Amino acid sequence: MKKRFNLTDLDCANCAAKMEAAIKKIDGVNDCTVSFLTQKLTLDADDARFDAILQQVVKVCKKVEPDCMIQL
């Protein structure tokens, strides 16, 4: 399943790159892009476990950029 989410308060391109790299390491993630310019997260992950994977993604984003919010 592939979904796109809006991000708020993503402060820099470096943080976006760190988030993207960390999310791609999560088990069940097929692909991910985090765009600083458009403030969007595109997540392609296993359909059966998508909600659980999304919760892990939120935690990873909070570690890298505590102010950043994913609009679910």
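Me: Which strands does helix α2 lie across, and at about what angle does α2 run to β3?
Reply: This is a predicted model, where local features need pLDDT of at least 70, side-chain atom pairs count only at pLDDT 80 or more, and totals for chains, interfaces and linings use all residues. Residues are numbered from 1 along each chain as its sequence is written, and side-chain values use heavy atoms, without hydrogens and water. Helices (H or I, at least four residues) and strands (E, at least two) are DSSP runs, numbered from the N terminus. Helix α2, residues 50-64, lies across β1, β2, β3 and β4, and its angle to β3 is about 140°.

Me: Why is one side of β2 and of β4 left without a neighbour in the sheet?
Reply: Strands pair if DSSP finds at least two bridges between them. The open sheet has four strands in the order β2-β3-β1-β4, with antiparallel pairing. β2 (29-35) and β4 (69-71) stand at the edges, so each has a single partner strand.

Me: Over how many bridges do β1 and β3 pair?
Reply: Lys-2 stands opposite Asp-44 in β3. Strand β1 covers residues 2-8 and strand β3 residues 40-45. Their pairing is antiparallel, over five bridges.

Me: Which residues do salt bridges that share partners join into one network?
Reply: A salt bridge needs a side-chain nitrogen of Lys or Arg within 4 Å of a carboxyl oxygen of Asp or Glu. Arg-49 and Asp-46 form one, at 3.9 Å. Lys-24 meets Glu-20 at 3.4 Å and Asp-31 at 3.9 Å. The network joins Glu-20, Lys-24 and Asp-31.

Note on methods. Contact means heavy atoms within 4.5 Å. Axes are lines fitted to C-alpha atoms, for helices over the stretch in contact, and angles run from 0 to 180 degrees between N-to-C directions.
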